[in-house]
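Let's go through this one in questions and answers. Here is what we'll be looking at.

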Amino acid sequence: MRISKGGLLVIMAFLTPLIVELRTVLSWFGIRLSVVETGALGLALIGAVLIWALWPSNGGTEAKLA
Amino acid sequence: MAMRNAYIDQFPKEARVIRAILWSSFLALTIGGTLGLIQGLHRTNVLRFIPSQDYYTVLTAHGVLLVITFTIFFLVGIFTWAVTTSLDRGVKDIRFTWGWYAIMMIGTLLVGVSILGGVVDQIPMNADVLYTFYSPFQAHPAFYVGFVLFVVGTWLAGFDWFRTWWAWKKDNPDERIPLPTFMALTTMLFWYLSSIGVAISILAFLLPWSLGIIDSVNPLLTRTLFWFFGHPVVYFWLMPAYMLWYTMLPKLSGGKLFSDPLARVVFVLFLILSTPVGIHHQYLDPGIAEGFKFIAMTNTMFLLLPSLLTAFTVVASMEHGARQRGGKGYLSWLKALPWRDPAFTGMALAGLMFAAGGFSGMINAGLSINYLVHNSWWVVGHFHLTVGTAAALTFMAASYWFIPQLTGKEIWNRSLGLVQVVLWFIGMTFMSNAMHRAGLFGMPRRTAEPQYQGFDFEPAVGTVAEIDAQVALGAALLTLSVYLFITNMVLTTIGGSTSDAIPDNTYAGTLSGPEDAPVIIDNLKLWTSIAVVLVIIAYSLPLASIIDAGGLFGPGIDPWKPSVVADPSLVLESVRGVMP
């Protein structure tokens, strides 16, 4: 893992306001997402973060921080 | 094995009273939080199991229990810890400490029972007046007496800390005031100053009016006196959180406080500026000239300064801590912070949400833009970020450090604690975001029935149903978070095993200590005098003008006592009023 489990949990939590507010921001640019579309986008973001966090960095050296 | 040096080992008598105080606080949190869920589900029409007539009783209890009882009990407990720990001496007389706690408890019970009378027919009382108790809402005298007793208890608590400090000063005449004590004392000074407003409002007007000694009151006068106290009370809730961010977050991060002098300046600024700003809650009140409101706005904008200084100092301290733990890079140091620790994570997330609350607070504080959001759900979203997260989440998070200090026991389940603080952050994101957005399209606060007849709100994004669902989801997550917290605290206290691994009772050291601050910073008399002068400038003319226009006891406004049973004649009158 690139990050501690605690750190990952906090990043996932931090994604919540980003996803919720992203819908409002996109609407200013004329992109209107439904709740389902917002949810799907959120899941995609969470998936991307999970892949980043779980992917071994530097040939498998795991971060031992925190 | 080294001897344990937790707070309970150093100050066993004080630990006992602080435990009792914190449990009073947690009980208020649990009841108040549950009532919040009932309200959230009711007004969003997701689930209704109380009649709408009882909504004000629930709202009054929710407000009073959370913003007065939960927060202030926690404050007096934590400030007792702060003063005794930083002065390294116990309180002068522990019986006096138990005494003020008992007075606060009696006050709480009187207030609680009088509010409960709104839904229990057997209790011949009623106090559906919300936490602001604006006249012409009139409560049973027990409500006002209870409120006064509670505030008097806090005054005595402050005296307890002052005399402990005076005793310490006698023994250490050349020493600077230790930072946590400095924070407790400056906070109490503006509390003494500001609570004079509510004391006059209750003792001179509302209580005699409720007892039938006087016939009427001047609603604008009592309202202004309330906000004389009502805005500083916001900082009264926040100051323990600020103290914990300054003294505990750097330590939990593994480092030291960046600047002790800067922290002192922040608390001095709050002492000076907290009180002469209350009129910014009254921008839409007729009877107060725009010029006075402009002065209140200017003072309020200055209050952003200490909060921005705090953001800088606390983040710099956390970065220092992270780098001590091996963190590197411009942002990668964030990974080195102790995110598994619920005390650290909860406080850090609370600080982050406070930044968002500060931004929405600037909208509230702006004289002209406030008209857009005044009395709307936006305001509720705002204060759920400030008192509801900056203060409440910090207090819950800090409890994961304090309860072991006070009981000598390890936290029952720290992982559950981490989930709990994160759940609060997520729940509050959903709820406060939706409330802010609803306020922008004019949805009112303080009502069980927000939907007007023959009119549809038009959200800028999404639908009203989505906003309601978001609030209900957020409220459910927040309540779940409270229950997880209380479960962890109960099981730690009654089921946990005594441990020798409890960390020492210390607070953060400093990179730049008190010796770097000018001595004048510790001159409490000077700063208090400046605060008094600013209050006189901000309030004397508006109060004189209000009394001149409406009289001390008002133009003869009859009290309105909320009733749980609708008066048929009133209903008929209302129906006639809306008939074409």
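Helices (H or I, at least four residues) and strands (E, at least two) are DSSP runs, numbered from the N terminus. This is a predicted model, where local features need pLDDT of at least 70, side-chain atom pairs count only at pLDDT 80 or more, and totals for chains, interfaces and linings use all residues. Residues are numbered from 1 along each chain as its sequence is written, chains are lettered from A and ligands numbered from 1 in the order in which they are written, and side-chain values use heavy atoms, leaving out hydrogens and water.

Q: In which loop is B:Asn375 found?
A: B:Asn375 isn't a glycine, yet its phi is positive, about 55°. As for its place in chain B, look at the loop between helix H13 (370-373) and H14.

Q: What is the omega of the cis peptide bond that joins B:Ser135 and B:Pro136?
A: B:Pro136 is in the chain B loop between helix H4 (94-116) and helix H5 (141-171). The cis bond joining B:Ser135 to B:Pro136 has an omega of about 10°.

Q: Which residue forms a salt bridge with A:Arg23?
A: A salt bridge here is a side-chain nitrogen of Lys or Arg within 4 Å of a carboxyl oxygen of Asp or Glu. Between chain A and chain B the count is 1. With its closest N and O atoms 2.7 Å apart, the partner of A:Arg23 is B:Glu466.

Q: Which helix gives the largest share of the side of chain A that touches chain B?
A: Counting contact as heavy atoms within 4.5 Å, 21 residues come from chain A and 22 residues from chain B. On the chain A side, 14 residues belong to one helix, residues 5-28, namely H1.

Q: Which element gives the most to the lining of the second largest pocket?
A: A pocket is an open set of points on a 1 Å grid over the protein atoms alone, where a 1.4 Å probe fits, with protein on both sides within 12 Å along at least five of seven lines; lining residues have an atom within 4 Å of a point. Of the 30 lining residues, those closest to the centre are A:Glu21, B:Ala356, B:Asn433, B:His436 and B:Arg437. With 9 residues, the top contributor is H1(A).
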